[in-house]
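Please keep the model open while reading these notes. They go point by point.

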Amino acid sequence: MLFTDLPAFYARLDSRYLVTNNQLQSATYTNVDCNFVFSAEFARHRWFNYKEGFSPRLVSRIFDGYQLTASSVVCDPFCGAGTTLATAKARGIPSIGFEVNPFAAFITQVKTADYTEEDFQQFQSLLERLGKIDPAAPQKLPDNAYLCRVFDQEMLLVQLNIQDFIHKLPDCKAKQLLRFAWLCTLESCSLYRKAGNGLKKKNKPPAYPSGKALELAYAKIREKAEAMIEDYSPQDTGPVPKLFEESAAQLSKRVDRNSLDLALFSPPYANCFDYTKIYYLELWFGGFIHSSAEQKSIRMNSVRSHCHATWPERYTSFHLPELNDQLLPLLKEQKLWTNRIPEMLNGYFADMEEVLRQIHAALVSGGHCAIVVSNSAYAGVIIPTDLFLAMIGERLGFEVEEIEVQRLIITSSQQYKKTEHLRKYLRESIVKLKK
Ligand SMILES: C[S@@+](CC[C@H](N)C(=O)[O-])C[C@H]1O[C@@H](n2cnc3c(N)ncnc32)[C@H](O)[C@@H]1O
């Protein structure tokens with residue numbers, strides 16, 4: 001295939017499906033509900049800003065569209081910060097989730113647990129005690145030079161003392177609430193911020209008078225805790241989701257065949273982002289990982305959506321002619337920032353096919369699968385992930401009901417120039433499949 005064949009190639013694939021895009025003209029990152037921004041309006045969802053998540057508004061719209069009831073069962077095999085699961089709980093719908101990142105799984109677990117008034121009272125008294133710790137008590141510094149640099153020296157010692165205080169508390173729900181509130185504030189006290197695919201040095205580091213680092217850290221934890229306490233409601237008693245801290249590729253071992261009414265999810269996008277880099281601070285300081293080997297093992301379990309790991313071969317029989325015989329050979333001829341991108345993309349779609357195969361088996365006949373996903377672009381070649389997932393779904397036996405385009409995505413100015421004439425395919429969509 002040549003570069004000049006691309007417009008006809010995408011148009012041909014697009015024409016196979018019902019692609020709806022009614023509101024595209026006005027859609028931007030901040031006004032479509034497939035993004036996390038609206039989560040700030042919802043109790044519990046606002047507890048952690050998981051930028052890669054979608055919003056409870058989108059989940060509710062999809063639940064309504066499929067007329068789910070309390071006797072339905074929903075699964076989110078890439079549950080992230082638990083938007084699908086927390087929305088299901090609030091609506092009394094049983095749900096099941098999978099997540100490989102232990103920090104994200106922890107967010108989901110805390111957001112979807114049942115709490116009593118006593119749990120929150122105890123949370124408040126632990127909070128009071130935290131405000132009185134000795135911020136300068138000596139602590140062993142992390143055995144990791146990068147971790148020692150992410151806070152200034154005074155703040156690092158404060159954070160280690162907070163960590164130590166929480167770690168020594170006896171296990172209870174109040175402890176988890178406090179640990180959660182603390183982890184939510186790490187980034188705001190750090191010299192680094194989440195940016196794209198990892199952490200970048202802040203232009204404006206947190207400022208406080210010397211000797212007052214605990215005051216700053218504590219004020220941030222208090223503010224977070226107050227929002228959480230405000231969200232407590234004794235009526236919040238929907239079914240607690242079943243959460244598996246493991247790969248979606250284990251779904252068939254955990255979920256019975258013909259038992260799900262809906263699988264709703266947003267997998268990692270094929271955009272080279274590594275979640276273990278983005279959540280590095282929380283994973284290490286939160287004690288979810290203690291070594292590079294543990295970080296690597298999370299990567300190994302995750303979908304092959306980035307090039308920061310070398311995975312052992314899996315699902316080697318995967319072959320999608322439009323990807324493997326047409327798009328990837330063209331991509332391999334381009335100048336890429338790493339020549340591992342074509343292999344990564346092959347791995348990505350192979351992994352997604354395996355998960356979709358297991359979802360198909362787990363759905364009841366007539367059950368639905370809705371996938372929120374963005375397309376990506378490398379060297380001017382758009383990877384039409386929405387169309388490829390639809391095609392993979394189709395060959396697994398799904399009917400492709402619709403591809404609902406949510407918005408056009410903005411790429412780097414370099415990619416923008418290269419893909420301007422194909423812009424309508426550079427989009428975030430919901431791929432709707434039916435068994
Ligand atoms: C786009 S995020 C999902 C966000 C979620 N919809 C929300 O609203 O919070 C994708 C998630 O998939 C997780 N993930 C990556 N590979 C996975 C795998 N093989 N199994 C389960 N989860 C995986 C990532 O850690 C990430 O949290």
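1. Basis. This is a predicted model, in which local features need pLDDT of at least 70, side-chain atom pairs count only at pLDDT 80 or more, and totals for chains, interfaces and linings use all residues. Residues are numbered from 1 along each chain as its sequence is written, and side-chain values use heavy atoms, with hydrogens and water left out.

2. Salt bridge total. The count comes to 26 salt bridges. The rule asks for a side-chain nitrogen of Lys or Arg within 4 Å of a carboxyl oxygen of Asp or Glu.

3. Asp64 and Arg91. These two residues form a salt bridge, with the closest N and O atoms 2.6 Å apart. Asp64 lies in helix H2 (residues 56-65), while Arg91 sits in the loop between helix H3 (83-90) and strand S3 (95-98), so the pair ties together parts 27 residues apart in sequence. Helices (H or I, at least four residues) and strands (E, at least two) are DSSP runs, numbered from the N terminus. Asp64 is partly exposed at 46% relative accessibility. Arg91 is also partly exposed, at 31%. For these classes, buried means under 20% relative accessible area, exposed over 50%, and partly exposed in between (1.4 Å probe, protein chains only).

4. Lys175 and Asp171. Here the closest N and O atoms of the salt bridge are 3.6 Å apart. The two ends fall in separate classes: Lys175 is buried, with a relative accessible area of 10%, whereas Asp171 is exposed at 65%.

5. Glu404 and Lys432. This salt bridge has its closest N and O atoms 2.6 Å apart. Glu404 belongs to strand S11 (residues 399-408) and Lys432 to strand S12 (residues 427-434), so the bridge ties together parts 28 residues apart in sequence. Glu404 is buried at 14% relative accessibility. Lys432 is buried too, at 14%.

6. Cysteines. How many disulfides does a search of the whole structure find? It finds zero; a disulfide would need a pair of cysteine sulfur atoms within 2.5 Å. The sulfur of Cys307 is 4.2 Å from the closest cysteine sulfur, in Cys272, which is too far for a bond. Cys369 is in no disulfide either, and its nearest cysteine sulfur, that of Cys75, is 9.5 Å away. Cys307 is buried, with a relative accessible area of 10%. Cys369 is buried at 0%.

7. Phe103. Is this residue buried or exposed? Phe103 is buried, at 0% relative accessibility. Its place is in helix H4 (residues 102-112). Leaving aside neighbours within four places in sequence, Phe103 is in contact (heavy atoms within 4.5 Å) with Phe48, Leu183, Tyr279, Glu282, Leu283 and Phe288. The C-alpha atoms of Phe103 and Trp284 are separated by 9.5 Å, and these residues are 181 apart along the chain.

8. Helix pair. The axes of helix H15 (residues 341-362) and helix H16 (residues 385-395) come within 10 Å and cross at roughly 45°. Axes are lines fitted to C-alpha atoms, for helices over the stretch in contact, with angles from 0 to 180 degrees between N-to-C directions. H15 and H16 are therefore oblique to each other. Angles under 35 degrees count as roughly parallel, over 145 as roughly antiparallel, 65 to 115 as roughly perpendicular and the rest as oblique. The residues making the contact include Tyr348, Phe349 and Met352 of H15 and Phe388, Leu389 and Ile392 of H16.
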